[in-house]
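Hello,

Here is the structure I promised to pass on to you. Please have a look at it first, and then read my notes below.

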Amino acid sequence: MESLVYTALFAPLIGSLFAALFGMKPKTLWTGVVTSLLLFVSFVASVLLLQHVMAVGPVHATLMDWIVAGDMRIPFGFNVDQVTAVMMVVVTLVSTVVHVYSNGYMEHDKGFNRFFSYLSAFVFSMLVLVMSDNFLGLFIGWEGVGVCSWLLIGFWYHKEDVTRDINPSISPSWAANEAFIMNRIADLGMLVGIFLIYWNVGSLQYDTVFAAVPQMSHTLLVAIGIFLFIGAMGKSAQFPLHTWLADAMEGPTPVSALIHAATMVTAGVYLVIRAYPLYSTIPEVGYFIALLGTFVAIFAASMALVNRDLKRIIAYSTLSQLGYMFAAAGLGAYWVALFHLAAHAFFKALLFLGAGNVMHAMNDELDIFKMGGLKKVMRWTYLYMGVASLALCGIWPLAGFYSKDTILEVAFNEHTYGIWFVLWLTAGLTAFYSFRLVFLTFWSDERYKKYGFHPHEVQKYVLWAMAPLGILAVIFGWWKEEFMEFVTGLLPAYEVSEHTHHMVPILIAVTSAIAIGGIVVAYVLYHKRLRRNPKIEASLPYRILSNQYYIPILYEKAISKPYAELSDIAWKEIDMQVVDATVDGIAKLVEESGDESRKMQTGNLSDYLKWMAAGAIILAVLAVVAVVKS
Amino acid sequence: MIGLSHYLILAALLFSIGLVGVIRRKNLLMLFFATEIMLNAANVAFAAISSYYHDLSGQMFAFFIIAVAASEVAVGLGLLILLYKKYGTLDLDNFTMLKG
């Protein structure tokens, strides 16, 4: 079984290194093919591992000792248990699809080989993250996905910076740096959490740490829980570190599908699920997580309501769904969070890949106000995106229905009716903005003709590659019971009370009603033509929403600008005047004294002899003084 | 009565004369003479102290110095002749090729 673990883990790395060999070369088709095949190998190994875990139990493999210093011993160990197996299958499946898809999407890109190298490296890092059996390995994967995300968001780094009015993300390299720096801020919190664990437990292995949880003081647990969650907030783009996710849409669309929807951004949720023995002992932190998640859910959904950018709308919906996951995990329903994570990965990746098809057809145009009527020319893409949107809205019997409804049941069962209400409301908003997107893109009048676009459907194999996601977006929810049974082998089972049990049909009805209501509103407004109301668009709430609550501008004014000024002072005043001046002074002293003493070198033996005599006399005097003193 | 200190003073005087010669003279040949004087100053001191302590090792050392000085002069004078043939002078102020 160990060989399967290593196969699943290292196949993407080999693919990445292979593609990297040709990174600077023009496009070679086989780099795409080889990396996709290796990803498929990894996927097969993951599925076999999942079966093995199902039948026999967790697999543990230790590759080698990594850090051994004094009492500290950290191995490169990998543990494949129920949660990891689920994550591995989700990650490798979506990655394989995205790899195949990218063969078509990046067809004409100069950086084709480089792209595949980065993409496979990302999958490897993500697998390290989910498979590690200790916090440090998790952190390495955590940073690895961060770097790959940075590389891929900034993939088209040559694009110039523009102002916010033209492009809210400014430029790919700006967005990449923003994502990286935001994550760095959060990672500091996570590192502090890891240090706290090591200081108090003396180990970073999950099993040792979680076994030590009952002996630790409550304050300490709260501190660790909060610090680890700060790390999770960065990676999963929770408020107030959320701005990078929407800007990350500057990257190529397959990247948005894989990294910024299906896998990397769920790493924070994974961390909370993984550390459930810790979080279940500190329900107050859990409650805070749930509150924050709920807030982000509606906060992000509200911004998606008015956005015109195809990818940004989907990005906000990702943010919103991450909020749902955190709400579930925070309320103690860890398996529900994992279930929604997996379901969301499938339909959201599908939605993004569909958006990629639309972009491809529309010459990279993202404004949905300029589209419309595309279902005639892009039948399959329309079908995929329609299914994915229905799943996202939680319409029976698609995947999102099962996972999202369960989260709402949990919120109801915990008597946190406020959370339930907000999440319920968000479900309606989700339905509205999802179908606003679908209707404005695929239905209504064909506005694109006015702008001179000639949309066309993408290649056949690309559509075929998306099929697994399409099927899973439909049927994944049907396995809810099996899924629960499987993962509760590790995670705590979450039982709803008798009362909630009776309420379930009503809850489902209410939730489905608001979801369908949202779709109906979108239908009425947009199915025929684009309706715009200048009065509403000029109103304050609309402007607040379309400017993302002015948060990016606030961050720039309140944090980035002062920080840049402070850095300027530190550079010009402290670094140049003090640090550099000291170093330069020492160098200057040496140089000048050398320049002066160079004059001793007259080349005349007589002068040298004089110096020698003087030296000898000084030495003799010193010797005499020493003798006399002693 | 001539005692140890007289010898040592003589040696010191000789050494100083040699040292001044080394520093002041410009002719390389004169420099050689000056070095010889210094070496012999050391020899005088060795011999005197050796006799004072009734220890022969000092005198043995003096012999060594004489032998070394003889060979040094042999090699050094050879070099001086070559130098003179090449440049036609032994004045130190003319040899400043290593000026920094």
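A word on naming before the details: helices here are DSSP runs of H or I with at least four residues, numbered from the N terminus. Please also keep in mind that this is a predicted model.

Let me begin with helix 8 of chain A, which covers residues 218-235. Its 18 residues reach 26 Å from the first C-alpha to the last, close to the 26 Å expected at 1.5 Å a residue. The buried residues of helix 8 of chain A include Leu220(A), Ile224(A), Phe229(A) and Lys235(A). Just after this helix, Ala237(A) has a positive phi of about 55°.

Another spot to look at is Ala333(A), in the loop between helix 14 (310-330) and helix 15 (334-361) of chain A. Ala333(A) is buried, with a relative accessible area of 0%. Leaving aside neighbours within four places in sequence, Ala333(A) is in contact with Ala328(A), Val410(A) and Tyr494(A). Its C-alpha also lies 8.9 Å from that of Glu495(A), 162 residues away along the chain.

Now to the interface. Chain A and chain B bury about 980 Å² between them, and carbon and sulfur atoms give 61% of that area. On the chain A side, Asn604(A), Ser606(A) and Leu609(A) lose the most area to chain B, together 36% of what that side buries. The contact takes 12 residues from chain A and 14 residues from chain B. Between the two chains there are 0 salt bridges, while 3 residue pairs are in polar contact across the interface. By class, the chain A side has 5 nonpolar, 5 polar and 2 charged residues.

Best wishes

Note on methods: Residues numbered from 1 in each chain as written. Chains lettered and ligands numbered in written order. Predicted model: local features only at pLDDT ≥ 70, side-chain atom pairs only at ≥ 80, totals over all residues. Heavy atoms only, no water. Contact = heavy atoms within 4.5 Å. Buried area = accessible area lost by both parts, 1.4 Å probe. Salt bridge = Lys/Arg side-chain N within 4 Å of Asp/Glu carboxyl O. Polar contact = N/O pair within 3.5 Å; in protein donor to acceptor, adjacent residues only side chain to side chain. Nonpolar A, V, L, I, M, F, W, Y, C, P; charged D, E, K, R; others polar. Helix = DSSP H or I, 4+ residues; strand = E, 2+ residues; numbered from the N terminus. Expected span 1.5 Å × (residues − 1). Buried < 20%, exposed > 50% of the residue type's maximum accessible area, 1.4 Å probe, protein only.
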